[in-house]
Amino acid sequence: MTRASKTILLDQEARDQALDTTRSILVQAPAGSGKTELLTMRFLKLLAMVEEPEQVLAITFTKAATAEMRHRILSKLEQVRSNEALSSEDFQAVALARAALANSNQRGWRLLEQSQRLNIQTIDSLCLGIAHQMPLTARLSGTLEPTENAQPLYRDAARRTLDQLGGSDVELNAALTSLLTLRDSNLRDCESLLTGMLGTRDQWMRAFPLAGEIDWEQARVKLEAPLQREIGKVLNEAHALLSSHPMMTAELLELADYACNSTELKIDIKLLAGLQELPGVSAEFIQHWHCLCDLLLTNEGQPRKRYDITTGFPPKKNNAKQRMNLLVGDLTKIPRLHGLLVDIRNLPPARYSEQQWKTLRSMFTALRHAAVELNSVFAERGSVDFVEIGMAARAVLLGIGAEGLPSDRGTQIHHLLIDEFQDTSRRQHELIALLLQSWTADAEDGRTFFLVGDPMQSIYMFRQADVELFDLVRRQGLNTGKRMLPVKDLHLQTNFRSSAGIVKPLNSIFKIIFPHNANAEAAAVDFLPGVAKNMNQSPGAYQVHPDYVESAKNLQGDDADEDDRSLHAGEADQGETSRVLEIIHRHLPTIEAAQRDGKEFTVAVLARAKNHLIHIAAALREQQIPFRAIELENLGGRQEILDLQSLTRALLHPMDRIAWLALLRAPWCALELREIHLLCGTDDRQRMEASVARQIEERICLLTEEAQRRVSRLTSVLQTALRSRYSQTSFASWIERTWRSLGGAACVDVTGYENALAYFRMLERVSPDGIGAMGEEFSDQLNRLFARPDPETSERCGIQLMTIHKAKGLGFNVVLLPGLHKRAQRDAPSLIRYLERTTGEGIELLAAPIDSKGEDTSALNRWVQLQRDNREAEERKRLLYVACTRAREELHLFGTATVTNSTLSSKPGTLLNTAWPALEPVFVSRRPLPVAEPIQGILAFPPPASSSSILSAIAAGAAVSTIQRLPANWSRQTFLSNVTKTVSNTAVTADVPVQDQRRPQGARSSRTLGTVVHALFERSISLRRSGLPGSQLLAGSPRLYEQALGLARHEGLTPGDAEACAKLSMKALRFALEDEEGVWILTPRDEDGVESSWTGLVDGVARTLRIDRFFRAGAEPLSEGSDCLWIIDYKTAAPNVSGFLDEEQLIYREQLESYGRMMRLAHGDEVKLRLGLYYPLLKKLLWWAA
């Protein structure tokens, strides 16, 4: 930034101090304050000081953040080396980058050529590296690969544990029997509960170690201690508060004694009789305090407003009732008293009951055995979860310390930087402390740590992120277990993202929402206001769109069903969706202009949960407005995937009646329901037991002639497929070929086709032989796949739909937040309800066993859940803050308040309820006046249909996800399309074994470039096949560029790298279309293939070879005909080195010839082969005869 711009930043002094590399620093950086840039600049400054680059370690929590930080550092170094003109605002970064590059050159690091020496890692990759360096200490084999989805492994371990029921292990058998009794002998329920606990074993192992003997009595004392501390803390506070008002307390005890003498008393307060002073503060007096609460509070926890004979105050001549009413009025004025009385009511018991402890002990016994089984599963599957990796790294550091870690260069960590520190879990915090345990508190040591984050953006409680740790380090420093490392606390305020028209109202709102002087033990944080760098305050930058719905109580009286509180909720959703679309329509011309000019403009619709966006996604599709949904629509719920699943099940199981009926209803057959009933609907038991195929054969004559043609074509294709099943080795190709033969590809649009290809790829990966296609692992994998985003949009331009969690770290021009009044789905109950929290005495674990089915929730369970609920309520404040601060230019909030009698309210547990203290005045002021009841018997005219507009025309060209019914006379075209081919390749031999062939592995950007170029070539062939002239291909280059950019980002590149990759990919396509040999290769033909997989048996092992391009042509390039079969492999390398092509032919010759041997088995030995490597960036085809 310029020197002039420095003077207007209120936090410039803090930013300058953040670059002080002589001290350790903790920076609170609110949304949009440029924390990533600050991290980058400090990293560059440290690179100029250290002896080896590995001495500077930066830790992030996502791969995307790691890539982004690496990209920023390398970009600045490259700009300095190439002397590129930088903006004047980057003068400080230029100076730091120049010093870092000078140190790199002086010491021979060659960072730009060896960027892997930049020590930037995710916390998980760091743990994996530590564990693999000392595998014996870690007890973790180096062959185990981390998996993102460990649920199948947990389930397998839980199942194996339950299989030991009735076995020789008496203790385990008793524990499992107890668990089954607790859950009504429901094995599936028990399996699910054990599965859910294994993923968090690093938390509960604090109380119950996974190995070794357990002192159960000591464990019980440790777990009961937090209960007793909580009781003492609350009772002490209540006692002190009441004691500070001695006159009122004396009056209260006198009136309580009076009430106890009533013969009509209906509340249990007998323990208050004769009390002359407040009850004690130890757990033995808890019942006395409960009696006091019952006297002062209603069953719902509200202060009593009246007293009568049932509460101990009969209508007599004395004034006791009047005195009590006056006293209660005075007590309600004491701050915090009401909350303390409610807390007393909710206090847990001081000890576990004997039954609870027996249950808890049985659960942990079963869990310890399940953890042992899980290690066996890890070894068998060759996979391991990140929890195990973290535990292994911790074991290494506990055993030998960070100083004992081996290193190729003998270097150690001198400087540590951590991004998003507020998202650190306790286990990760412990690991960081162990890494630094040899550091000294002396500043002269020269070692520093730099922690940056924002407690207001801590929204990952479900991942065990603990916001309390941020405040703990701020107050105390970083505790390594051996010493406390001091830290300088800094705060940033300047917001570079949002305009003042958004920042100012948000400051006002969140100052009300966030607590003041927050209690860190409750996971609450204070609000830090921001100051906008962009002072634009355009009208409409911040808008609230309130809606109202009458409660069921208003419309039906006091006896209305509790589950139907909002009769018109559906209408409210429709109204909200309409208003959202109105705003989107207003921005469509801007989006279209940005797409045309290659600029950035995004409109984001964010919601707390995926299902809150369903109505909006449906409305956008209906109006043909393209949008990009980020992991929103599960692939398994798409109709084309449901049809493919039915096809898979029907081919595997002829008696799967539901699957066969689904095939008849699917668009490639598309029978009407009455026609399906004619075929298969019968009350005859013998006919019902027959297969659907048999019923079709017997009753097809009942259908119309057109329906008969449809069914006959379906059965013919299926019979052909079943006959060829065992002549093929690739199950996925068998399903894909059948689907195409049925006409599945002709039934779907572009998005549906991409989703189908994703299904086939997953099928080939998860179930290559078809055996697993009906299993749970296949369902798990399918549930983790999401529908591909609309190719018409990109992350840089267009409409984005995603959850708030997915939007964290991103910014959008316009943000819409619908559904603030909707609740998120609650988590399923766990086997043990537990919570870790930090107190002044350290870390404590609250644990309560699950209650028996059908029983009321125990007081202990209610209390532990209440502690979790309180933390979730605080996190909802932070979630709303994250959502609102994504906006740059406009922010729109949508919520529906409930009208009950004359008051407005919001549903508890919603974001609207979280914001209600700040937004209630807005809802009250905009509430419409009551409308007179319409005269009965008069029919209202329907509203006129809206005419088409220019906005409708803009949206008309957008892709809509549709499934089309095939005509009865449809037949498949004869040319080969992109389909996985399979041949029996038992006779393949080669001088070089197939398993020894290796593709050179370049950097991620190089591999992604190849992927994107291949996709563009495939797309160009598809467009030309559909009739688009080759000369017009580049006319659609802006759209092709956006698709290339989206694919590059999907492969994990940073925005800068993805943009460079997309530009180079478009250059490759342009060069190919300018090159006559390139045009010849990309010309569609009757018998050709693109990105085709060929599977065969090599030495008895099934292997798959993927061919970029094959087609029939003449014997020479540019010649037509069908004499020769050409096999082309695309290459994106373009070095200006003599002899390069000759070396390339030597490297890839055997690979292409193995392709040729495979093709000869499919086409016959007599086929003439031509093999080639095509280099579009060189405009060069290297070919030879085989």
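**Entry 1: overview**

I counted 43 helices and 27 strands in the protein; helices (H or I, at least four residues) and strands (E, at least two) are DSSP runs, numbered from the N terminus. I am working with a predicted model, where local features need pLDDT of at least 70, side-chain atom pairs count only at pLDDT 80 or more, and totals for chains, interfaces and linings use all residues. Residues are numbered from 1 along each chain as its sequence is written, and side-chain values use heavy atoms, with hydrogens and water left out.

I then took contacts (heavy atoms within 4.5 Å) between residues at least 6 apart in sequence, and 76% of them join residues at least 24 apart.

**Entry 2: the parallel sheet**

I traced an open sheet of six strands in the order β3-β2-β6-β7-β1-β10, with parallel pairing. Two strands pair if DSSP finds at least two bridges between them. At the edges I found β3 (120–122) and β10 (488–491), each pairing on one side only. Neighbouring strands here are turned by 15° against each other on average, direction ignored.

Inside the sheet, I saw β1 (residues 25–28) joined to β7 (residues 448–453) by four bridges, the two running parallel. Isoleucine 25 has phenylalanine 450 of β7 as its bridge partner. I also noted helix α4 (residues 63–81), which lies across β2 (56–60) and β3 and runs at about 170° to β3; angles run from 0 to 180 degrees between N-to-C directions, and axes are lines fitted to C-alpha atoms, for helices over the stretch in contact.

**Entry 3: helix α20 and strand β18**

What does α20 pack against? I found that its buried residues pack against β1, α19 (426–435), β7, β8 (478–479), β18 and α36 (859–884). In α20 (residues 468–476), the buried residues include Glu468, Leu469, Phe470, Leu472 and Val473. Glycine 477 follows α20 and has a positive phi, near 100°.

I moved on to β18 (residues 832–839), which is mostly covered, with seven of its eight residues buried. Eight bridges join β18 to β19 (residues 842–849), and the two run antiparallel. Arginine 837 stands opposite glutamate 844 in β19.

**Entry 4: two helix pairs**

The axes of α3 (residues 35–47) and α5 (residues 91–107) come within 7 Å and cross at roughly 35°. α3 passes α5 in a left-handed crossing; that means the near helix is turned anticlockwise from the far one by less than a right angle, and right-handed means clockwise. From α3 I listed Met41, Leu44, Lys45 and Leu47, and from α5 Gln92, Ala93, Leu96, Ala97, Ala100 and Asn103. By class, this contact has seven nonpolar, two polar and one charged residues; Ala, Val, Leu, Ile, Met, Phe, Trp, Tyr, Cys and Pro count as nonpolar, Asp, Glu, Lys and Arg as charged, and the others, Gly among them, as polar.

For α12 (residues 216–243) and α17 (residues 354–381), I read an angle of about 115° with axes 12 Å apart. α12 and α17 are therefore roughly perpendicular to each other, the class for 65 to 115 degrees. Among the contact residues are Trp216 and Arg220 of α12 and Trp357 and Phe364 of α17. I sorted the contact into six nonpolar, one polar and three charged residues.

How values were computed. Angles under 35 degrees count as roughly parallel, over 145 as roughly antiparallel, 65 to 115 as roughly perpendicular and the rest as oblique. Buried means under 20% relative accessible area, exposed over 50%, partly exposed in between (1.4 Å probe, protein chains only).
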